[in-house]
Amino acid sequence: MARSGPEVADIFRRYGAAYRESHGASLCIAQRRVMSAIELCRTAALGGHVERCDHCDHKRICYNSCRDRHCPKCQSLARAQWLDDRRSELLDTQYFHVVFTIPPSIAAIALQNKEIVYGILFRAASETLRTIAAAPKHLGAQIGFFAVLHTWGQALFHHPHLHCVVPGGGISPDGTRWISCRRKFLLPVLVLARLFRRLFLDYLRKAFDAGDLQFFSSLESLRTRDAFLRHIAPIQKKDSVVYAKRPFAGPEQVLKYFARYTHRIAISNNRLLDIDDGKVQFRWKDYRNGHRQKTMTLGADEFIRRFLLHVLPNGFQRIRYFGFLANRYRAEKLALCRQLMQMSPPTATRKVSMDYRDRYEVLTGVFLKTCPLCRGGTMVVIETFECAANRAPIMDTS
C-alpha cells in the first residue's frame with residue numbers, strides 16, 4: 001500500500017549503483033539479486049495492470065511487486081497467509097517464547113558461513129528444547145514448536161538469534177495423555193543454555209573438521225584448527241546464550257505478536273525518517289537504555305552495507321517447525337494433541353482460487369479495491385501489461 005515517506009527502495013535507487021561500483025567484488029550473487037529486486041519493485045520494469053473505478057472512471061496504474069522476502073513492501077500477503085495457516089494449529093494452552101543467541105565472536109564466523117552456522121543454530125536449539133523437555137525430571141513429554149531466525153538488531157548490526165514459540169506442554173511418551181508444564185514456567189533456562197552451548201560448539205567443531213567453514217579477511221587466521229579452537233574456547237564458559245521472555249497471555253496473543261515478527265526484514269519502511277545528501281536517518285529502539293526510541297543517521301553506503309548483512313542464502317528456510325509441529329507429522333500429531341486436550345477439531349476451510357486483492361481482504365479485512373478518489377467505487381482491472389525483458393509478470397501483493 002502506498003506511503004508518502006522515504007523507503008528502502010529509494011535508498012537503493014539513489015545510491016545502489018555507486019555502492020556496486022565501490023563494493024562490487026565483495027557482493028555475493030544473493031546480495032546483488034536483492035538489490036536489483038528492491039530497486040525494480042513496483043516499477044514499470046516488472047509490468048503491471050491498469051485499474052478503473054466502476055463508479056467515477058478514475059484510472060490508476062499498479063506495478064507488480066518483486067516478491068523478494070527481503071523487500072519491505074512485499075511481505076504483507078505472505079505474512080497474512082502464514083498467520084491464517086497457524087491460527088488453525090493453536091492449542092488451548094499457554095505459550096512460551098524462548099530466544100537462543102550466539103556471541104559476537106561466532107556471529108563473525110556466521111557472517112562468512114551463513115548457511116552452515118545458521119543451520120547449526122536451528123539444529124542445536126531444536127535439539128536442546130526437545131531433549132530437556134523429554135527428560136522425566138523436567139517435563140517428560142514430546143513438545144512441538146516453531147523457530148524464526150532473525151539476524152539483526154535495531155541498529156542493523158549483525159546479531160543472529162532464534163525466536164522459538166513453544167506450547168506449554170507436550171505428548172506423553174506412550175501417547176496417551178497431554179502433559180502440561182507448570183504455570184508460567186516451561187523449562188529451566190540455565191539447563192537449556194548449557195546444553196545449547198555444548199551442542200552448538202560440538203556441531204561447529206564438526207563443521208570445521210569436515211572443511212565446511214571458510215574464513216576470509218580478518219578471520220583468515222582461523223583456518224588452522226588450533227587457532228579455531230582457541231577462538232571458540234572462551235565461549236565454553238558463557239551461559240548467557242538463552243533467555244526466556246514473559247509467557248504469552250494466550251494463543252491469540254501469540255498470533256498478534258508474530259504478526260509483526262515472522263516476515264520482518266532488517267528494517268521496515270515506517271522506521272525511515274529522511275534520505276538526503278547521501279545520508280539516511282531512521283528510528284531505532286535502544287534496548288540497553290530502557291527501550292528508549294532514538295534517531296540514527298548513517299551514510300547511505302553504510303546503511304546499504306548493514307542492510308545487506310542480513311540477506312539470506314538462496315533457498316534458506318528462516319521459519320522451521322519441530323517436534324509435533326514438524327511438517328511431516330503435523331496434522332496427525334496436532335489431531336492427537338486436540339484429542340488429549342479434549343479440544344474441538346478446527347473448522348475445515350476450502351481453498352478457493354482468487355485474486356490477490358480478494359485474498360488479502362479475506363485474510364486481513366483490508367479492502368484494496370476501493371477507489372482512492374471517490375471512495376465509493378471499486379477498482380476493476382481493465383488491462384495488464386508485460387514486464388521488461390520478457391519476465392513473467394508478478395501481481396502486486398500488498
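Select helix H6 (residues 189-209), which gives the most to the lining of the second largest cavity, with 4 residues; helices here are DSSP runs of H or I of at least four residues, strands are runs of E of at least two, and both are numbered from the N terminus. The model is predicted, so local features need pLDDT of at least 70 and side-chain atom pairs count only at pLDDT 80 or more, while totals for chains, interfaces and linings use all residues. Residues are numbered from 1 along each chain as its sequence is written, and side-chain values use heavy atoms, with hydrogens and water left out.

A cavity is a set of points, on a 1 Å grid over the protein atoms alone, where a 1.4 Å probe fits but cannot get out, and lining residues have an atom within 4 Å of a point. The volume of the second largest cavity is about 60 Å³, where a volume is the space filled by probe spheres set on the points, with grid points joined across faces, edges and corners. Its lining comprises 7 nonpolar, 1 polar and 1 charged residues, where Ala, Val, Leu, Ile, Met, Phe, Trp, Tyr, Cys and Pro count as nonpolar, Asp, Glu, Lys and Arg as charged, and the others, Gly among them, as polar.

Of its 16 lining residues, select Arg86, Leu90, Tyr95, Phe146 and Leu325, which lie nearest its centre. Helix H3 (76-87), strand S5 (158-167) and helix H8 (251-258) each supply at least two residues of this lining, which has 14 nonpolar, no polar and 2 charged residues.

Now colour the open sheet, in which 5 strands follow the antiparallel order S8-S3-S5-S4-S12, two strands being paired if DSSP finds at least two bridges between them. Strand S8 (242-244) and strand S12 (319-323) are its edges, each pairing on one side only. To look at one pairing, select strand S3 (residues 95-101), which 3 bridges join to S8, and find Val99, whose bridge partner in S8 is Tyr243.

The structure has 0 disulfides, a disulfide being a pair of cysteine sulfur atoms within 2.5 Å.

Methods. 1 Å grid on protein atoms, 1.4 Å probe; cavity = no way out; pocket = protein on both sides within 12 Å on 5 of 7 lines; lining within 4 Å.
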